[in-house]
Amino acid sequence: MTKTALICGSLAFDKIMQYHGRFGDTLLADQLHRVNVSFLVPTLRTEYGGCSANIAYNLQLLGGEPLIMGTLGVDGGDYLKRMQEQGLQTRGIRTIADAYTAQCFVTADQDNNQINAFHPGAMQFSHENNVADQGQLAVAIISPDGRDGMIKHARDCAELKVPFMFDPGQQLPMFSGDELITFIGQASYLACNDYEFEMVMDRTGLSQADIAARLDALIITRGAEGSDIHAGGEHHRIPAVQAANVVDPTGCGDAYRAGLLFGITNGLDWPTSGRIASLLGAIKIASQGGQNHSFTPQEFDQQFEAAFGFSFR
């Protein structure tokens, strides 16, 4: 029986620049209607990112079987090669010949305030991918991607009876209340952070209990306060794991979702799946970028047993 998890979502480059001053010293409050400023950024680094690759990277480390479905641009050759060298399944990745790979340009000041610009590029063509082309699947996740792609892939999964997790993330504002209700009706699982879930309830007019009743599981993450999983009429409180070092939160939510998918594809219960997800997020936060941490399944199992006092394998 297949354990393949289809990971639908963005593939992107993150261009991260550090400004050694404070934005507030340059941006004048009474002149924000005509901003024309330049910041010297002595440091620049490029990280491989995008939700689908971050999730797949973490699921692969756990010993899962992710299959990425996303879009790269003409500049994505090195990224594709990198994923293939990591042993990731990339047959679901389409290269768009007349677009650049999605890119996020992040400038942070010394107080860690950020000014971001995002170019969606090839992500806008994600609807050209078809779930039906990807073979037999155990589960899928619809993570942030092009708007049309997210709608199409959710519809594809529903028609093919592939259970999927809806993870709207930063794309949540793109959808109306009616569209969100449709997603919830199609999905088996919904995963949001606490702020996003408040927005879901506000836009749909549905209560937490209403939404949970329409799903196999509702997962709400709360950062350092842990997470909540509502499934089968039960509430599972998942504790946060103390990170060895807090370096960079980028990709922690994606790591958490990879842990949930591992639990689903291996038939684990929700308290165990949530703890796998929680530990994975804590491991990720101790490294810069979304895909630079590393461990073997055996090392993860040892950390899990040390954190929670039991083994899940």
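1. In this predicted model, residues Arg-147, Met-150, Ile-151, Ala-154, Arg-155 and Ala-158 of helix α3 meet Glu-179, Phe-183 and Gln-186 of helix α4. Sorted by class, this contact comprises five nonpolar, one polar and three charged residues.

2. The geometry of the pair may be stated as follows. The axes of α3 (residues 147-160) and α4 (residues 177-186) come within 9 Å and cross at roughly 35°. The crossing of α3 past α4 is left-handed.

3. The model contains an open sheet of nine strands with mixed pairing, in the order β5-β4-β1-β8-β9-β10-β11-β12-β13. The edges are formed by β5 (89-95) and β13 (234-238); each has a single partner strand, so one side of each is left without a neighbour in the sheet. On average, and ignoring direction, neighbouring strands of this sheet are turned by 15° against each other.

4. Within the sheet, strands β10 (residues 189-193) and β11 (residues 217-221) run parallel and are joined by five bridges. Leu-190 has Leu-218 in β11 as its bridge partner.

5. Two helices should be noted in relation to these strands. Helix α5 (residues 194-204) lies across β10 and β11, and runs at about 120° to β10. Helix α8 (residues 270-285) packs on the sheet, where it touches β10, β11, β12 (227-231) and β13. The direction of α8 makes about 25° with that of β13.

How values were computed. Residues numbered from 1 in each chain as written. Predicted model: local features only at pLDDT ≥ 70, side-chain atom pairs only at ≥ 80, totals over all residues. Heavy atoms only, no water. Axes fitted to C-alpha atoms, helices over the stretch in contact; angles between N-to-C directions. Helix = DSSP H or I, 4+ residues; strand = E, 2+ residues; numbered from the N terminus. Left-handed = near helix turned anticlockwise from the far one by under 90°. Contact = heavy atoms within 4.5 Å. Nonpolar A, V, L, I, M, F, W, Y, C, P; charged D, E, K, R; others polar. Pairing = 2+ DSSP bridges.
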